[in-house]
Amino acid sequence: MSGRTYMHQLDAKNRMRIPAKLREELGPNYSVMLGSGGCLYVYTEEQTQKIREKLNNINPFKESQLKAARYILHNSWDAEEDKQGRILIPENLRNIAKIVKNVVVFKGPNCVEIWAEEVWNEYFSDVDFSNLADAFDELNGND
């Protein structure tokens, strides 16, 4: 796990670059999906396959599961790089993540994350170090 952060911008055609180092880690086929906290997740092909398998195993008679699966699948995109290594961020995903121009690309704990710069800054605007310390203790089993 590594917390690398990169600043980028969408171009006029709503394309952006995933940093080369992160593209290497993602491999040639990766997907952009709805994330939590206001971001988009970028998953490797293997991670994407595992998510899709789980979504295929939902109970089709439980409306909450079906609605969640539909929403996640509708808001996912198999990225296709152009010759300059840029990917399109589709309108539905840009709207969900409130991405207009400035983008933060972050190597998070489970995947690459794409954030609108304003949403990223707001997400961390009220961080309290004591809460972070408590969350870290919970992760390490030190209640």
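Analyst: A salt bridge is taken here as a side-chain nitrogen of Lys or Arg within 4 Å of a carboxyl oxygen of Asp or Glu. The model is a predicted one, and by this rule the count comes to 8 salt bridges.

One of these pairs joins the side chains of D11 and R15, with an N to O distance of 2.8 Å; D11 is partly exposed, at a relative accessible area of 22%. Another pair is R23 with E81, whose closest N and O atoms are 3.5 Å apart. Because R23 lies in helix 1 and E81 in the loop between strand 5 (76-78) and strand 6 (86-88), this pair ties together parts that are 58 residues apart in sequence. Both partners are partly exposed, R23 with a relative accessible area of 23% and E81 with one of 37%. Salt bridges that share partners also join D11, R15, D82 and R86 into one network.

A further salt bridge is formed by the side chains of E25 and R4, at 2.4 Å from N to O. Here E25 belongs to helix 1 (residues 20-26), while R4 lies in the segment before strand 1 (5-9), so the contact ties together parts that are 21 residues apart in sequence. E25 is likewise partly exposed, its relative accessible area being 39%.

Turning to the cysteines, a search of the whole structure finds 0 disulfides. C39 takes part in none, and the nearest cysteine sulfur, that of C111, is 6.9 Å away. A disulfide requires the two sulfur atoms to be within 2.5 Å, so the separation of 6.9 Å between C111 and C39 is too far for a bond. Both residues are buried, C39 with a relative accessible area of 1% and C111 at 4% relative accessibility.

Of its members, V127 is found in the loop between helix 5 (117-123) and helix 6 (129-139), and at 42% relative accessibility V127 counts as partly exposed.

Note on methods:
Residues numbered from 1 in each chain as written. Predicted model: local features only at pLDDT ≥ 70, side-chain atom pairs only at ≥ 80, totals over all residues. Heavy atoms only, no water. Buried < 20%, exposed > 50% of the residue type's maximum accessible area, 1.4 Å probe, protein only. Helix = DSSP H or I, 4+ residues; strand = E, 2+ residues; numbered from the N terminus.
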